[in-house]
Amino acid sequence: MLIVPESAIADLMTADESFTAVEAVFAAMSRGDAYNFPVIREAIGHADALYGFKSGFDRAGLNLGLKSGGYWPGNEAKGLTNHQSTVFLFDADTGQCRAVVGGNLLTALRTAAASAVSIAHLARPDAEVLGMIGAGHQSVFQMRAAVRQRSFEKIVGWNYHPEMLSRLADCAAELGLPFEDASLEELGAQSDVIISITSSQAPSLMDAHVTPGTHIACMGTDTKGKQEVEAAILGRATVFTDEVAQSITIGEAQHAVGQGLIAEADVNEIGAVINGTHPGRRSDAEITLFDGTGVGLQDLAVASAVVERAVAAGVAIDVAF
């Protein structure tokens, strides 16, 4: 059995490789070559933590396994990231555990890769302004991945806690782009692409804020009750997602479907766009929205890629099993 510790991940996995792995698994899902198993997510009754499992099987890549982990809100005070996870990969032919991989950085990279895939396939080619809603730990990964997909000239940002916007400003400066903090009205009016990455229970981006031609990536809603954008936005957008079943139950589409604004049939797989079986954006005025709920297959894809790189680099720890 191979072990790739969390400390080794940063030197092994890049944003481009994460993009490639996630794009491929979305395509495999849409072809029916890969599928996710039901998600388990529970409050454990200790440390206010949420804990769960995401798992699945990709026949094309022969990736079988699960990600175990969750959210411990008190970790930051302990010098740890609030999200903690580990990926377990199993041999598809024998069921033996073939690798254990640190999942914290990989989760950040695969989440950012998912929104980047949506931007690559759905945003207008001439997009110039990137809007960021949310300034938490994941926001900088999102920004770095997004700017690789379009020639953005400026980044604007908004956060529930304005004092945290320096994180976005610093990342934009690192990327050589000007940054402006903005109201949600200003952000919506200026942005060609909007990434929302919050853990909100109520919408921040409203329908009146969004202008024609915008692409929106909603990356924070992954639990029943969470909501980042007003449901009416989905009512006038063309909606895409990683997995339809998750989108309508625990993703952003849960609210629009619940209010009767859209039906399950109105939610499209991003993999269909990648495979060419859905045209994606049809006009410059169309609003497109990607509901990134986060699927176990994303974790397996990036973990499998990092194991290959770890073996090639001679840094994978081989232990008897």
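Predicted model: local features only at pLDDT ≥ 70, side-chain atom pairs only at ≥ 80, totals over all residues.
Let's begin with helix α5, which covers residues 166-174. Which of its residues are buried? L168, C171 and A172 are. If you look down the axis of α5, those buried residues fall within an arc of 100°, so they line one face of the helix. Turn to the other side of α5 and you find D170, A173 and E174, which are exposed.

And what do the buried residues of α5 pack against? There are two strands to point out here, β8 at 129-133 and β9 at 154-158. The buried residues also pack against helix α4, at 139-146, and against β10, at 179-181. One more thing to find on your screens: after α5 comes G176, and its phi is positive, near 75°.

Now over to the helix pair. Helix α2 runs over residues 15-31 and helix α3 over residues 104-122. How do they pack? Their axes are 8 Å apart, and the angle is about 70°. An angle from 65 to 115 degrees counts as roughly perpendicular, so that is how α2 sits relative to α3. The crossing of these two helices is right-handed.

As for who meets whom, α2 brings S18, F19, V22, E23 and F26. On the α3 side, they meet L109, R110, A113, A114, A116, V117, A120 and H121. Sorted by class, the contact of α2 with α3 has 9 nonpolar residues, along with 2 polar and 2 charged ones.

Conventions
Residues numbered from 1 in each chain as written. Heavy atoms only, no water. Buried < 20%, exposed > 50% of the residue type's maximum accessible area, 1.4 Å probe, protein only. Helix = DSSP H or I, 4+ residues; strand = E, 2+ residues; numbered from the N terminus. Arc of directions from axis to C-beta. Contact = heavy atoms within 4.5 Å. Axes fitted to C-alpha atoms, helices over the stretch in contact; angles between N-to-C directions. Parallel < 35°, antiparallel > 145°, perpendicular 65-115°, else oblique. Left-handed = near helix turned anticlockwise from the far one by under 90°. Nonpolar A, V, L, I, M, F, W, Y, C, P; charged D, E, K, R; others polar.
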